[in-house]
Amino acid sequence: MRPFASRFLSLSAICWLASFACSSSAQSPAPAPQTAQPPAATQSAPAATPAAHGDTVAVVDGEPLSLATLDAAVAPQIAKLDEEAYQIRKQQLDDLINDRLFGAEAKRRGISVDALIAAEVTAKAGNVTDADVQAFVATNRRRLPADPSTLYPQIKDYLTNERVKARREAFASELRTKAHVQVLLKMPPLYRAPVDLAGAPSRGPDAAPVTIVEFSDFHCPYCRGVQPTLEQVLAKYPTQVRLVYKHFPIDSLHPQARRVADASWCAQQQHKFWEFHDAVYASAPDASDTAIKGFASKAGLDLKAFDACLASGKADPIVQAHIDEGTHYGVSGTPGFFVNGRLLSGAVPLTAFSEIIDEELAASKSK
């Protein structure tokens, strides 16, 4: 077993390298977005009972609540649990397959499994040099303490473990190519969040086969950082992708971001949302009156109408509705994206967007 400090750094390093999103504090899922309800039953209608309606899960004052209604309300949470369960099974299945392959190869060579791993994995993983540690420190400098030299032994241990892991996976892959391995484990059904796009600002053609919905916080550094990537996406797929913006200010991290979101909604009322959006992300996070007026001026807004809109508070329920919707569908940090309803979290690179966009485009052509 690795020493505690080593295991702790491994987890910490993973957090450093994976934290490309502004995460909100843990909270309960928001209620399902409201949809039109069927007409209420008349006084003379007989009370529904589970016996009479096989999918009824509750009866309130004679009105049935169906299993379908319940499933629709919890679909995002169930889909997430199904995905987590699948990933756990897949990881364990891969480990079991690899163990069998290692055992068979060790038997073929007439050695123990430990000897096989020592020869093919540990010996071939490569040594971590001081230059490797320095490169890691340089890449992750902002996430490390003031004096990272105190962590050098743990960093070296972490990098060594990562190399051994990578070599183990590569060796297992080599053995798989020589063996007959048939994986029958099925992925859970793909869940697509039915995000409401009505009234939300967008870029790109309305009829584009792929819609990316961005849930974003104007003061989140990762939201700012992903903007050039989104520009690249739109440039790469000028007719195939539409980008839709929805608000998700995280009050616990960026208490002034909601005010900027409200202001951007007021800019949208003058059909200048994107001009305001671009002005905000081109500046340092600031929600002062002076800064917001500056953004409005850069966007070319009628300042008198803008001020009146911002003072009216009309934007507040719109922004909150976006937050509630995003939370219900699984957004827990920013930026959060839905690509044709498929959740993609964090400031992911162009390659990640392209992979899922290309899948969606291929699927649309096959229909």
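Reader: Is Cys22 buried or exposed?
Author: Cys22 counts as buried, because its relative accessibility is 5%. Buried means under 20% relative accessible area, exposed over 50%, partly exposed in between, with a 1.4 Å probe and protein chains only. This is a predicted model: local features need pLDDT of at least 70, side-chain atom pairs count only at pLDDT 80 or more, and totals for chains, interfaces and linings use all residues. Residues are numbered from 1 along each chain as its sequence is written, and side-chain values use heavy atoms, leaving out hydrogens and water.

Reader: How many disulfides in the whole structure?
Author: The search finds 2. A disulfide here is a pair of cysteine sulfur atoms within 2.5 Å.

Reader: Which cysteine does Cys22 pair with?
Author: Cys220, with the sulfur atoms 2.3 Å apart. The pair links distant parts of the chain, 198 residues apart. Cys22 is in strand E1, and Cys220 is in the loop between strand E5 and helix H6. Helices (H or I, at least four residues) and strands (E, at least two) are DSSP runs, numbered from the N terminus.

Reader: Right-handed or left-handed?
Author: Right-handed, because the S-S torsion of Cys22 and Cys220 is about 95°.

Reader: And what does Cys266 bond to?
Author: Cys309, at 2.2 Å between sulfur atoms. Cys266 lies in helix H7 and Cys309 in helix H10, so the pair ties together parts 43 residues apart in sequence. That torsion is about -85°, so this disulfide is left-handed.

Reader: New topic. Which cysteine sulfur is nearest to Cys223?
Author: That of Cys220, 3.5 Å away. Cys223 is in no disulfide. Cys223 counts as buried, because its relative accessibility is 0%.
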